[in-house]
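Please look at the structure below. Some questions about the terms used for it follow.

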Amino acid sequence: MAITATQVQELRQKTGASMMDCKKALEEANGNQEEALNALRKRGRSIAEKKGTRETSAGIIQSYIHPNKRIGVLLELRCETDFVAQNSDFLNLAHDLSLHIAAMSPKYLSSENVPQEVIDEEKAIFMAQVADIDKPANLKEGIVDGKLKKRLSEICLLEQPFIKNPDQTIKDLITEHIAKIGENITLTRFVRYEL
């Protein structure tokens, strides 16, 4: 199947990937936009994994004050170079992340940042909830683990579904931007204030 320039341009506008990458993905997918989009996402993840070890010594501090002046967010978003720190895609990512933090009120950056006593406390609550269920112990443990994982996805920023696209987590959003921009990006820390 012949791939047209219009198809390539449409895919490029959706993903921000290079023209050649878009054309190659469309050729592999026989012109199917959705399959090509998925192929580019998979490639983007592998690119992000390769770039994940690079040092992020540049970046920005993003601030957001909600219009009602009762919620504020500060976040530190890092990249490899000052050039990328001024890139509109990078700045838009920082803005989207600050809006998400204002709306969803995460307590921790990732599940690795959750103190063990908080995890133990949550686990004890879930164990008490399933104690009266007439099921084998291994099934109860599975239920508790599932509830704990869900709870961590609610309170940890990187595991939360992105408010503008609930099919995508914040971690996936950052990974997508790493592939699009071509540099490692790390969300180092954030603070959310509310009156």
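Q: What makes E1, E2 and E5 an open sheet, and what is the strand order?
A: The three strands stand in the order E1-E2-E5 with antiparallel pairing. Strands are DSSP runs (E, at least two residues; helices are H or I, at least four), numbered from the N terminus. E1 (58–65) and E5 (186–194) are edge strands, as each pairs on one side only. This is a predicted model, in which local features need pLDDT of at least 70, side-chain atom pairs count only at pLDDT 80 or more, and totals for chains, interfaces and linings use all residues. Residues are numbered from 1 along each chain as its sequence is written, and side-chain values use heavy atoms, without hydrogens and water.

Q: Why is Val191 called partly exposed?
A: Buried means under 20% relative accessible area and exposed over 50%, with partly exposed in between (1.4 Å probe, protein chains only). Val191, in strand E5, has 36%, so Val191 is partly exposed.

Q: Why is Asn30 called exposed?
A: Its relative accessible area is 54%, so Asn30 is exposed. Asn30 is found in the loop between helix H2 (19–28) and helix H3 (33–51).

Q: Is Ser105 buried, partly exposed or exposed, and why?
A: Ser105 has a relative accessible area of 30%, so Ser105 is partly exposed. Ser105 lies in the loop between H5 and helix H6 (116–130).

Technical notes
Two strands pair if DSSP finds at least two bridges between them.
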